[in-house]
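Thanks for coming. I have one structure to go through today, and I will keep to a few points. Please have a look at it first.

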Amino acid sequence: MSTLPRSVVIKGTGSYTPANIKTNDDLAEFVDTSEEWIFTRTGIKERRFATEGENTSHMGTEASRRALANAGIQTSAVDLVIVATITPDMPFPSTACLIQTQLGVSNAVCMDIEAACSGFLYIMEVAASMIKTGRYQNALIVGTEKLSSILDWEDRTTCVLFGDGAGAAVLGPSDSPQTGLLDFKLGADGANGEVLFMPGGGSANPATGTSIDNRLHFLKMRGKEVFKLAVKVMEQAAKEILEQNGLNSDQLACVIPHQANLRIIELLSSRLEIPMDRFYLNLEKYGNTSAASIPIALDEAFRDGRINSGDLVLLVAFGAGLTWGATLVRCP
Ligand code: COA
C-alpha cells in the first residue's frame, strides 16, 4: 500500500504588515495626485511601507513566525522553505536562506521562486507537489515584498498602487482525501512581459550611472493593458479550475483575489457571476503587495472568520511575466 499523502493541507497562516501607514492624502503631499483619484480608480485608501532597515526577509520572517505559531509547528520540524518575491533583499543568497537563519529553521531546504503577484500560488503548487512525494512534512511558504524599494516617485501612475508586507502558510500532508489544496491552474505568457517589468539590476542592465539616470531600477507598467489582461486571465483560470473539478461558482464560500485594484475585482465578479460579497477584500488597507497579497488576505480571512471548516475557497491571481494562477482549497 502506498504511504504517499492523499492530500496537502494548510496547517496555519500568518501575516505581517509594517507599522508605517501612508494614506492617499499623505502621498498627495509629494506626488501630483489626490485621495479622490486614487480611491475612485483603485479602491486603495492606504498602504504600509517598511521602516528604515526593515527588509523583505525581516517581514517574511515575522509572518512565518506567526504562521508557525498558528500551526503549532516547531521550527525544528520545518523541512522546506519557499519564498515568492520580486523584491529580494539581494540577488543572492535567496531570501528563503535569509529567512531560514532569522527564523532558525536549520533543517530546511530553501529556495526562492519568482512569479511576481502570482508567486504565492506558484509556490503553493511547488510545495504541495514536493510534499506529495512523501519526502517533506512541514513546508513554510512565504510571499514577502518591499515594493517601496522599487517604486518611482516621479511616476504617479504606478507609485500610488503598491505597498509592503508579508504573508505565510505552513503546508503539510494529510490522509483525508478531498480536503486542503484540491487543485491548481497556473499559467504564463512571456510575450506580454513588457507590460509590467523592471529593466534594471539584472545581468541585462546591471547598475551603472546611466542605468540610474535612466530610472531603470524602478517598476514600469502600462496600466490599461495590465488591467484588461488581468481580468481576462483571472476569469479564464477561475472558470477552468471550476470546470475541471465539476464545480460551479455557487459552491464557493469565498474568493480571495490578488488585491491589486477594486475595479479589476468588480469586473471579475460580474464575469464569473459571483457576487462581490463573496470576495474577500483588504486592498483598501494595503494596496497591491504583489506576492504577499494573497497570503495576507488568506490569513486575515481565516482570522476574520470569513473562511470556516468545510468551506470551498478559490484563490486567484495575476502578475508580471505575465503569470496567473487559481487554486481551489477545501478547508479541513
Ligand atoms: N493621480 C492623478 N492623476 C493620475 C494619476 C494619479 N496617481 N495617475 C495617472 N493620472 C492621470 C493620467 O495622467 C491621465 O491624465 P490625462 O487624462 O490628463 O492624460 C488620467 O489620470 C488617466 O490615466 P490612465 O492611465 O488612463 O488611468 P486609468 O484609468 O488607466 O487608471 C490605473 C490607471 C493604473 C489605475 C489602471 O490602469 C490600473 O489599475 N491598471 C492595472 C494596474 C495593476 O493592477 N497593476 C498591478 C498588476 S499585478
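I will take the domains, then the contact between them, then the cores, and end on a single threonine.

A word on the source: this is a predicted model. The protein is divided into two domains, with domain 1 covering residues 7-177 and domain 2 covering 181-330. Taken over C-alpha atoms, the centres of domain 1 and domain 2 are 14 Å apart. Domain 1 puts 49 residues into the contact, and domain 2 puts in 45 residues.

Now the interface itself. About 3,900 Å² is buried between domain 1 and domain 2, and carbon and sulfur atoms give 62% of that area. On the polar side, 23 residue pairs are in polar contact between domain 1 and domain 2, counting pairs with both residues at pLDDT 80 or more. The elements of domain 1 that each supply at least two residues to the side touching domain 2 include strand S1 (7-16), helix H5 (119-132) and strand S7 (164-174). As for salt bridges, the rule finds two across the interface of domain 1 and domain 2.

Next, the cores. As a general point, nonpolar side chains in soluble globular proteins tend to be buried together. Here the largest nonpolar core has 47 residues. Which of its members touch the most others? They are Leu252, Val255, Leu314, Phe318 and Leu328. Helix H8 (223-244), helix H9 (262-272), strand S12 (312-319) and strand S13 (323-330) are elements that each supply at least two residues of this core. H8 gives the largest share, at ten residues.

Leaving aside neighbours within four places in sequence, its contacts include Val226, Ala230, Val233 and Met234. Cys117 and Ser118 are also among the residues that Phe318 contacts, as are His258 and Trp324. Apart from this core lies another, of 35 residues, and among them are Ala84, Leu121, Leu181 and Ile307.

Last, Thr56. This residue sits in helix H3, which runs over residues 56-71. Is Thr56 buried or exposed? Its relative accessible area is 2%, so Thr56 counts as buried. Not counting residues up to four places away in sequence, Thr56 touches Thr85, Thr87, Asp89, Thr95, Thr144, Glu145 and Lys146.

That is my list.

Note on methods: Residues are numbered from 1 along each chain as its sequence is written. This is a predicted model: local features need pLDDT of at least 70, side-chain atom pairs count only at pLDDT 80 or more; totals for chains, interfaces and linings use all residues. Side-chain values use heavy atoms; hydrogens and water are left out. A nonpolar core is a set of buried Ala, Val, Leu, Ile, Met, Phe, Trp, Tyr and Cys residues joined through side-chain atoms within 4.5 Å. Buried means under 20% relative accessible area, exposed over 50%, partly exposed in between (1.4 Å probe, protein chains only). Helices (H or I, at least four residues) and strands (E, at least two) are DSSP runs, numbered from the N terminus. Contact means heavy atoms within 4.5 Å. Domain bounds come from an automatic or database domain assignment. Buried area is the accessible area (1.4 Å probe) that two parts lose on being put together, summed over both. A salt bridge is a side-chain nitrogen of Lys or Arg within 4 Å of a carboxyl oxygen of Asp or Glu. A polar contact is a pair of N or O atoms within 3.5 Å; within protein, one must be able to donate a hydrogen and the other to accept it, and residues adjacent in sequence count only if both atoms are side-chain atoms.
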